[in-house]
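Subject: Structure handover

Hi there,

Here is the structure I promised to pass on to you. Please open it first, and then read on for what turned up in it.

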Amino acid sequence: MYKTRSIVASAALALLASVAGTAQAQQKMRPGLWEHHISMKSQSGQMEAAMAEMHKSMASMPPEQRKQMEQMLAQQGVSLGPQGQAVKVCVTKEQAEADHLPQQEGCTQNVQRINASTMKVAFSCKGGQGQPPSSGEGTVSMQGPTAYTGQFKIKTENEGKPEQIDMAQSGKWLSDNCGAIKPVPMGR
C-alpha cells in the first residue's frame, strides 16, 4: 500500500524549501500559511487505485467517523479531494528569511535558477520508518511572493518495485495567521 501522505508531504516540503531558499536572492516568500495543491499520476496506476479505495472507504464510513477522519487529516494540514491532495504548511518569518526552510528530515535539495522567476529543482529523501526513499526533479515558476507552480517527476518504490510519479503542484499564500498548523522544524 502506498504511503501517499508521506510522498505528498516529502515532495511539498522539499519543493517549498527549494523555492523559498532560492527565491531569497530574487524575492522572498511571504511568511504565513501556504496551501499546496498536488496532483499525481503514477506509472503503474497503483497509487491512483489506492487513493480511489481510500476515498471509497471514507465515503462508506458513518458520518461521525468520516468527520473524525477528516478532522484528523485537517489537523495535519491535509485534505483529499477528487482533483488531488492539498497540504497546508506554516512558514515563519525566520524561515522565510533563512537560507533553509521547512524540509522533512532526511531530505536534501539542489536548486538552480534558470531566470528571475523559474528554477530547476532536484530533491532526494532517504526514506525510513516504513517510507520508501524518493527523489525527484522538475521546474518551479514563481508568480510573486505569494504563488508558484511546478512540474516534477518523482522516483520512489511501491512494494519494493521502482515507481515513477508525475506531479503537478501549485502553491498559494493564504494568510499571515497559520491557525492550528504548526511550523515545520528548520532543515539542515
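Let me start with a cysteine: Cys-90 counts as buried, at 5% relative accessibility. The link between Cys-90 and Cys-178 is right-handed, with 85° about the S-S bond. Because Cys-90 belongs to strand E3 (residues 84-91) and Cys-178 to the segment after E8, this pair ties together parts that are 88 residues apart in sequence.

Before going further, please keep in mind that this is a predicted model. The protein chain has a mean pLDDT of 76, and 73% of its residues reach 70 or more. Confidence is highest in strand E8 (residues 161-175), with a mean of 90, and lowest in helix H1 (residues 4-26), with a mean of 51. Over residues 20-25 the pLDDT is below 50, and this stretch has 13 contacts in the model beyond near neighbours in sequence. Residues 1-5 also stay under 50, and for them the model has 18 contacts beyond four places in sequence. Where pLDDT is low, the predicted coordinates should not be read in detail.

Back to the cysteines. The structure holds two disulfides, and the other one joins Cys-107 and Cys-125, whose sulfur atoms are 2.1 Å apart. Here the angle about the S-S bond is 110°, and the link is right-handed. If you number the bonded cysteines of the protein chain in sequence order, the pairing reads 1-4, 2-3.

Is Thr-118 buried or exposed? Thr-118 is buried, because its relative accessible area is 15% and the cut-off for buried is under 20%. Leaving aside neighbours within four places in sequence, Thr-118 is in contact with Arg-113, Val-140 and Ser-141.

Now to the rings. The structure holds two aromatic pairs. In one of them, Phe-123 and Phe-152 have ring centres 6.3 Å apart and planes at 55°, so the pair counts as tilted. This pair links distant parts of the chain, with Phe-123 in strand E5 and Phe-152 in strand E7 (residues 147-158), 29 residues apart. Phe-123 is buried, with a relative accessible area of 4%, and Phe-152 is buried too, at 3% relative accessibility. A charged side chain also meets a ring: Arg-30 lies over the face of Trp-173, at 3.7 Å from the ring centre.

Next, the strand pairing around E8. E7 and E8 pair in the antiparallel sense over 12 bridges. Among the residues involved, Thr-156 has Glu-163 in E8 as its bridge partner. The hairpin of E7 and E8 has two residues between the strands, and Glu-159 takes a positive phi near 55° in this hairpin.

E1 and E8 pair as well, again in the antiparallel sense, over 10 bridges. His-37 has Ser-170 as its bridge partner in E8, and Leu-33 stands opposite Ser-175 in E8. How many of the 11 residues of strand E1 (residues 32-42) are buried? Eight of them are, so E1 is largely enclosed by the rest of the structure.

Asp-166 has its place in strand E8 and is partly exposed, with a relative accessible area of 32%. Not counting residues up to four places away in sequence, Asp-166 touches Ser-39, Met-40, Lys-41, Phe-152 and Lys-153. Phe-152 is thus found both among these contacts and in the tilted pair with Phe-123. The C-alpha atoms of Asp-166 and Ile-154 are 6.3 Å apart in space, while the two residues are 12 apart in sequence.

That is everything from my side. Happy exploring!

Best wishes

Technical notes
Residues are numbered from 1 along each chain as its sequence is written. This is a predicted model: local features need pLDDT of at least 70, side-chain atom pairs count only at pLDDT 80 or more; totals for chains, interfaces and linings use all residues. Side-chain values use heavy atoms; hydrogens and water are left out. pLDDT is the predictor's confidence in each residue, from 0 to 100. Helices (H or I, at least four residues) and strands (E, at least two) are DSSP runs, numbered from the N terminus. Contact means heavy atoms within 4.5 Å. Buried means under 20% relative accessible area, exposed over 50%, partly exposed in between (1.4 Å probe, protein chains only). Rings of Phe, Tyr and Trp (its six-membered ring) pair if their centres lie within 6.5 Å; planes under 30 degrees apart count as stacked, over 60 as edge-to-face and the rest as tilted. A charge sits over a ring if NZ of Lys or CZ of Arg is within 6 Å of the ring centre and within 35 degrees of the ring normal. A disulfide is a pair of cysteine sulfur atoms within 2.5 Å. Two strands pair if DSSP finds at least two bridges between them.
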